[in-house]
Amino acid sequence: MGGAQTRRLSRGFDKAKLGSMYFASDNWAGASAQVANALMNAGNGSVPAYGADDQTRVAVDWFSEVFEHDVSVFFVATGTAANSLSLASVMKPAGIVLCHDVAHIACDEAGAPEFLSGGRLVSIPGARGKLTPDALEAAIGRYFPAAVHHGRPVAVSLSQSTEWGTVYTVEEVTALAAVAHAYGLKVHMDGARLANALAFLGCQPADITWKAGVDVLSFGGTKNGCWCAEAVVFFNTKKAEDFGYIRKRAGQLFSKSRFVAAQFQGYFDRGHWLDNAFHANTMAKRLATGIGQLSTARILWEPEANEVFAIWPKAVSARLKAAGGQFHEWNPDGLSEDEKPRDDEDLVRLVTSFATAAHEVDHFLKALGK
C-alpha cells in the first residue's frame, strides 16, 4: 500500500476516533465482533443446504433455551419479511390486522404486510406508540356483529420496542393479549428491538412473549449486532406447520442457512445480545441526560430503549448536519399539543446502537451545545 493511501486511511480513522455523530439508525452499525467471528467460522467446509445442517439445528435449540419453551424457528432475511410472513401465517380471507398508527408495519414497509399476507391493516391511535386494552377492544368491536362487507379482525400486532422508543411492560402485553384472545385474535409481536425492551425491563424473554400471550414473534438481530439475521418464532409448534411453504413461496428460504444460524449462535452466546442492547440503551440514556442539561434543546420523555426524541431549533439541525451529524427529523403526528415542536423547531429522532461509544455521544453533545 502506498504512503499517500496509508496517510488517507489513517486520517479517516483518526477522525472517526475523535467522535462521529451517527445517530440516524441502529441499522447503520455493523456486525459485532462476536457475531462477525461466528459468521466467518461458518464458511469452512460443505454442509447440507436449506437448514438441514447441524449449525441451524443448534441455533434453533438456542431459541428454545432462550425462550424456555419448545419453539419453531424460521430464518428470514429482513424484518419486513418477518413481519409480513408472520401475519400471513395467521391470515384468513378478508382478514384485518389491528396495529398502532405509527407501527412499522403501517408506516415503513411499503405495504408489504398487506401484499404478502393478503390482509388489511387497520391502525389505532395511542399515546407514545402504545395501544391500550380499551382502544383495542373498541376497534375490534366495530366489526361485531360480523358482516361480510367489512372484513374480520384476525390479529393484533404490537411493536416492542415501539416506534416512539417506549416499551410495553409485561402487564401491558398480557392485558392486550387477553382482549385479543377473548375475540379469537392472534397476537403478533414485532420484536425488531426486543432485546432493547428486555434490557430495559430486566425480565426474561419468556415473560414478555408467550407467557404474556404472544402467539408469533418477529425476532430481530440485525439492529443489535447481526449482519442479516431475522427470524419468525412460533410458540405453538403446531401453528407453524404451514409456514415453511409460506416462507418458500415468498423467496425467503436460505439455501446456506448456516450463515444465519452462525450469527444467532454468536448473538446468543454468553448473553451477548442482551449486553449489546444494554449498552445501546445506556448510550441513549447518556445522550438524553446530556440534552436535558442544555438550553438549546429538550427531550420529549426519558428513553426506555435506544431511541431519544428531542426538540431543538431548525437552525441547530442545519448546523449539526453541516458538521456531519446524522439523525432524522420526525413526524410529530400523535403528540399532544404541548409536546409538539413550534414552527421554528424540529422534532428529531436519535438512535444509539451496540457500537455507539461514550465519546461519540459526548462529541455530539458538545456540538449541540455550541
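**A buried serine and its surroundings**

Tutor: S257 counts as buried, because its relative accessibility is 6% and the cut-off for buried is under 20%. Keep in mind that this model is predicted. S257 sits in the loop between α11 (243-249) and α12 (258-268). What does S257 touch, leaving out residues up to four places away in sequence? The contacts are Y50, G51, D53, T56 and F75.

Follow F75 next. F75 is among the residues with the most contacts inside the largest nonpolar core. That core has 49 residues. F63, F67, L98, F219, F264 and Y267 are also in that top group. Now look at F63. Residues up to four places away in sequence are again not counted. F63 touches F75, and also V71, V73, F219, A231, V233, F264 and F268. A second core is separate and has 22 residues, including F23, L287, V348 and V361.

Now for the strands. V73 has V233 in β7 as its bridge partner. F63 touches both V73 and V233. β1 and β7 (residues 230-234) pair in the antiparallel sense, over five bridges.

Step back to the whole sheet. The sheet is open and has seven strands. Their order is β1-β7-β6-β5-β4-β2-β3, and the pairing is mixed. β1 (72-76) and β3 (120-124) are the edge strands, so each pairs on one side only. Neighbouring strands of this sheet are turned against each other by 25° on average, direction ignored.

Definitions and conventions:
Residues are numbered from 1 along each chain as its sequence is written. This is a predicted model: local features need pLDDT of at least 70, side-chain atom pairs count only at pLDDT 80 or more; totals for chains, interfaces and linings use all residues. Side-chain values use heavy atoms; hydrogens and water are left out. Two strands pair if DSSP finds at least two bridges between them. Helices (H or I, at least four residues) and strands (E, at least two) are DSSP runs, numbered from the N terminus. Axes are lines fitted to C-alpha atoms, for helices over the stretch in contact, and angles run from 0 to 180 degrees between N-to-C directions. A nonpolar core is a set of buried Ala, Val, Leu, Ile, Met, Phe, Trp, Tyr and Cys residues joined through side-chain atoms within 4.5 Å. Buried means under 20% relative accessible area, exposed over 50%, partly exposed in between (1.4 Å probe, protein chains only). Contact means heavy atoms within 4.5 Å.
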